[in-house]
Amino acid sequence: MTDRSALLDRYRRIREIRFRLNHLLVKAIPKKTLDECGRILGFNRKGTLYFNSEEEMPLLMDFCIYYPQPDGRNLVATYLEKTSPADPDERAVIQAMAHAYYSLFQIVDVERGVGLSVRDVLRDETGFIVDVGLGNTGRRHLMVATRIIPMEGFLTTGGAILPVDASAGTRITQELMRSKFNPETFDYRGASPWQEAEFAALIIRACLSTGMSSHVAYAEPGVRAPSASSGPEVVRTGRNDRCPCGSGKKFKMCCGRR
């Protein structure tokens, strides 16, 4: 197996930049988009966001960031148009984020502490995801649903990852086959922004309906992963609670303001 450990320094730099950009993009999410995306994914109930686990807030934020606005562009495209980062690494990251895509991935091989060789099930492509947490916890043949950011020489994830077990996989397959996104006829590489948002929502809802968000156990070294054996706990984010988006602010002063 190829040793890709030399990519780790580059990955950590990119991860740092991506987290900073994600924070800026989360702050830019319009309230209308937050409400609409919450409704699409099933989190918005009568104007209040409800979550079954702490891992569901990042799912919503990721979906919002890449959800097309009325002009068809998402927040990443708008940010890229309005800014011209002087730092070449930051410029490379935001340009790669503008080409991010959502899909299902089967783990082909694992390089511990580095990442995963994967096969994109929907696009029938292969690649290597550099992700220390996934490299430490992933297992061959398992499947995950996530958004991929294609960097030069490797792939990285958008950060919101859902494991796909047999039950979730069966449900996703059945729903895709019944929809216009039938893998036998639909060209996922040529999907429009609206089409990608639609099939990403289909995959996410299928995973949520089978309890996959309560089984997310991937984490960076030093970060405690949630127990895969613990049952789901209903979580309602209070206005004075710390915002689950990771900003460090109270919910009422962050995502709760929109």
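The model is predicted, with local features needing pLDDT of at least 70, side-chain atom pairs counting only at pLDDT 80 or more, and totals for chains, interfaces and linings using all residues. Numbering starts from 1 along each chain as its sequence is written, and side-chain values use heavy atoms, with hydrogens and water left out.

**Stop 1: α1 and α5.** Select residues 8-27 (α1) and 88-97 (α5): their axes come within 10 Å and cross at roughly 65 degrees. That makes α1 roughly perpendicular to α5 (65 to 115 degrees counts as such; axes are lines fitted to C-alpha atoms over the stretch in contact, with angles from 0 to 180 degrees between N-to-C directions). Helices here are DSSP H or I runs of at least four residues, and strands are E runs of at least two.

Now show side chains: the contact (heavy atoms within 4.5 Å) includes Ile14, Ile17 and Leu21 of α1 and Val93, Ile94 and Met97 of α5. Its residues split into 8 nonpolar, 1 polar and 6 charged (Asp, Glu, Lys and Arg count as charged).

**Stop 2: α3.** Jump to residues 56-65. Of the 10 residues in α3, 9 are buried, so the helix is largely enclosed by the rest of the structure (buried means under 20% relative accessible area, 1.4 Å probe, protein chains only). Among them are Glu56, Asp62 and Phe63.

**Stop 3: β6 and β7.** Select 143-151 and β7: the two strands run antiparallel, joined by 4 bridges (pairing takes at least two DSSP bridges). Proline 150 has leucine 155 as its bridge partner. In the hairpin, glycine 153 takes a positive phi near 95 degrees.

Definitions and conventions. Parallel < 35°, antiparallel > 145°, perpendicular 65-115°, else oblique. Buried < 20%, exposed > 50% of the residue type's maximum accessible area, 1.4 Å probe, protein only.
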